[in-house]
Structure formats: structure tokens, C-alpha cells
Amino acid sequence: MITVKKGDRISEYILEEPLGRGGFGEVWRARHHLWQDRQVAVKIPIRPEAVRDLSNEGLIQSTLDHPGIARSLGMDTNADPPYFIVELVEGRSLRAILKDRGKLPPPEVLAILDQILSVLEYAHSRGVIHQDIKPENILVSEDGQVKLTDFGLGQTVNGESLLLSMSLRSEGAGPGGTFGYIAPEIRDQEGSPDGRADLYSVGILIFELLTGRRPAGGELPSDLESDLPSWCDRVFRGLYTRREARFADVKGVRASLSEFGGPRVSPLVPPSGDFTHGDEASRILGVSSERLRELVGAGRLRPVSVNGSLQYDRASLLSLEREMTGRQRSTPPPVPAGASHPESTRARPIGTTPRVRAVRTPGDLGDAPAAGLFVRGIAAGIDLWFVAILQMVIAGLGFRISPHLPVSIVAWFLIYTWVSHSVTGQTLGKLLLGLRVATPEGKALSPARSFLRTAGYIASVATFGFGFWIIPFNGRRRGLHDYIADTVVVYDRK
């Protein structure tokens, strides 16, 4: 049995409190040992044989980049104890919500269903099936956003998938998942599972959300709740049935729902970008979630309900952002007589994030296209040549720093990269190719984050280059060093 306690250090984080216990691991809230505002969730296996599932979860989840999936931040199955670090989602599981409320109204179930379908459609398109859809594995944040967790029992079914050759699940492994939610074909080990196995579990989930308990026999949701809308029985029938009669994929489920007029607006992917959720609204305005609520309370921003989820009109957000930005640039704070007004001290609305560069606004880089492995490799090659030539010139002038020139070049390359990313977000190679390193929100890197990213290069190289080769296999094109420092490389927007 693997045991940990409050105060133990896991990688860079200090364990603070347990959040829950799953089928093969404990989940802890942890805080960075230096940056007190950075909190994460740390998963630790409760027994040695569970390390395989933890590894499987980390390998699969690191290739998935979707708003409805908690981001992977780090993993080491050879550490003592082994661990997997993911984004901390402030909220509750659907199981906790059901315990409090018993059942949920159809509009709220529809909003949750729509977000789950969005996640599964993305995962299935990447060749990944979850195999353990249940209320315990679905988290709902404070603003109504749904995140699917626990891919430890997941499998890759795409023959071209990188993970297929790296999966730690052995051939002939027994059925996974929670017995009350797994599809018959997985329970009876009849052939290879596909995305329809997840849809069967979704059917059971819908029934439980609508009625407060799982289905028995040939029951329909309307047998227990007579005033349910017609889509409930229709969709449930197409999910909770044998594989051959089930919806073929997520698109089939969405098509069935569209016949009943919903869901017309998806909280995760709004049509034409008209609506967005709370986290994105905070990013656009450059404010904290607390400040966002203050703006709503003051009547400066009006939220709307979209399928039971709190949403914000994007045009209104951009208008308010321009107003706040203009005020920030034009309103100086009081200063003593005779003192100047340095640009770095100009007033800004309470709660806003200070700008690093006046020529940019929050989010300028946040939705910029990510740079792939090829163009980043060219940029790195340019930088290496630049540093090598510079080092040889210095050595030729008698300022030799190391008798081993290659080691010296590598050391200076790391220092050069750290300083360049801290100051401008660009090295010479990235500048020439129009690239920039930033946070996922589009902000400039702090010196500490830049140092962490530079140190992450060592981890990317030490894993036989795997830290770089994973770049093409995730939506934001992030390497291991990007996951360690929580950064992205995007095309610069002038």
C-alpha cells in the first residue's frame, strides 16, 4: 500500500488536503512550493499494481487538449511515490451534486449532456475511448463547466495512434470500468470496444441524472418522471441498448437531439463565437473570477443562461475590454508635486492584470495558432548556430569559458533562451520565423516561468526526445517542457 500525508512534497508541489479516492488512486490538492497562487491536483496510486493504470491515464490524457478535459501538467511513474499532476478544477463531482439534489431538471441535464458529448466527440476523433463514464468522473466547476476526468481505464483504438504502441494495458486484460455503467460488450469481453461503449455509459448517466437512480430492466426515464420532455426517452433508448442498435457515434446523438430543438447553443463551442463561459470571459477582460462577479453585480456585464449554463456575450465582453483598456491608459494615479508619471505606474481598474507590453491587449496571443514541431525545430537550429558562432568568437578572443566547447555552447544556449524568453518571449530564431512563447492566456512569461521552461528542455531531452515528439499529438502543440511550465509557442501577431 502506497501512503502519503499532508505536507509531503511531490515534485514541485506540497500536498495540502485529499480531494477524493478513485478506483486506483488518491487525489490531493497541492500547492507549488514557491508560487503560492499555483494549485494543482495530484493523483497517487494506492497500490503498486495501480501504477500501470496511472501511466496509461497520463499517456492518454497528455495527448488530449480540450476545454472539457483537465490539462496534464506532469507525471513520473518512477518516483517514490509515483504521481500524475493535472489541472485543479474547483467544483464538485456529479455524484456529490446528485447526493445533494437527488435529480436534476431536464434543461440542466441537457447542458451537461452537451458538454460531455463535446468531450467524447473530440476524444473519439483522436482514437481514445474512456470506458469509465460515471458521475464520480465528471466534475462541474462553479460556473457550470463540465470536465471529464480519470482516463486510467481508457484505450486507444486508432491504429495510427502514437499511444497504441506505448499503451501499458496488456493484451487480454480484463474488463475495466465500474460494473453498473460499463457496456455489455466490455463486461462480456465480446470483441474490441469502440466509441459506442462510452455512449452506453452516457445513457445510464442520463437516466440517473433525470431520475436519481440507475435504470433497471426495460425502464424508461418517463416511467419514473412522467413530465419529462420527449427527447429524454428517445435519446436514452438509442444509448441504453445492444451495440448493434445503439447510436453509431456522437454525431448520431446530436442529430437526434436536434430533432427536438436542442441543444441549440453549446456552452463549450458556441455558434459564431457569440457566447463564452466564465473562464474565457475573465481571460478576455484580463481580470480574476472575483472581479468578473463584481462587474456583473455592478451591472456593467450581463450574463445569460445558455442551456442551464451561465454564459457571456462575446461582443459585450470585447466592448467592456476596450473601455477598461482605454481607462487604464488614460487615467494616471495621484503623484506628489513635481513627480513624473512613469508608464509602469499608470492606473488600472481594480482586479485587472497589469500589462507587460503596452502594445498588446490581453488575449492577443491567447487564440493565435500554435507552432508545430517542424518550424520550432528550425528556430532552435538557428539559435544553436547563433550561440555556437558567438561562443567561438568569444573563445577566439581569449575569453574561453570552458575547455569543452560543446558543453559551453549548451550552457550558453540555455542561458540565452531563458533571458530571451523572459525579456521578449522570442529568441533570434523565433523572431525570424514569427514565433513567440507565451502563457496559454497569451501573456508574457515571467523570469521564473521562463527559467522553469528552460529547465524543462533537460526533461524533454532526457526522455530520449519524447518531450519534443509529443508536440504534434496535442491541440496546442506543446512539448513536455511546455507542460512543465504551462506555456505555448504561437505565431506572433504584430
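Predicted model: local features only at pLDDT ≥ 70, side-chain atom pairs only at ≥ 80, totals over all residues.
**View 1. Asp 8 and Lys 5 form a salt bridge.** The side chains of the two residues meet with a distance of 3.2 Å from N to O. Side chains of opposite charge can pair when their charged atoms come close. In the whole structure there are 20 salt bridges.

**View 2. Asp 482 forms a salt bridge with Arg 376.** The closest N and O atoms of this pair are 2.8 Å apart. Asp 482 belongs to helix H17 (residues 480–485) and Arg 376 to helix H12 (residues 373–396), so the bridge links distant parts of the chain, 106 residues apart. Is Asp 482 buried or exposed? Asp 482 counts as buried because its relative accessibility is 0%, and buried means under 20%. Arg 376, with a relative accessible area of 11%, is also buried.

**View 3. Asp 482 forms a salt bridge with Arg 453.** Here the closest N and O atoms lie 2.9 Å apart. Arg 453 sits in helix H15 (residues 447–462) and Asp 482 in helix H17, so this pair ties together parts that are 29 residues apart in sequence. Both Asp 482 and Arg 453 are buried.

**View 4. A network of salt bridges links five named residues.** Which residues are linked in this network? They are Arg 71, Glu 87, Lys 147, Arg 478 and Asp 486.

**View 5. Helix H8 (residues 250–258) has the buried residues Val 250, Val 253, Ser 256 and Leu 257.** Seen down the axis of H8, these buried residues fall within an arc of 120°, which means that they line one face of the helix. On the other side of H8, Lys 251 and Ser 258 are exposed.

**View 6. The buried residues of H8 pack against other helices.** What do the buried residues of H8 pack against? Their partners are helix H3 (106–125), helix H5 (195–211) and helix H7 (230–239).

**View 7. Asp 249 caps the N-terminal end of H8.** A side-chain oxygen of Asp 249 is 3.2 Å from the backbone nitrogen of Lys 251.

How values were computed. Residues numbered from 1 in each chain as written. Heavy atoms only, no water. Salt bridge = Lys/Arg side-chain N within 4 Å of Asp/Glu carboxyl O. Helix = DSSP H or I, 4+ residues; strand = E, 2+ residues; numbered from the N terminus. Buried < 20%, exposed > 50% of the residue type's maximum accessible area, 1.4 Å probe, protein only. Arc of directions from axis to C-beta. Contact = heavy atoms within 4.5 Å. Polar contact = N/O pair within 3.5 Å; in protein donor to acceptor, adjacent residues only side chain to side chain.
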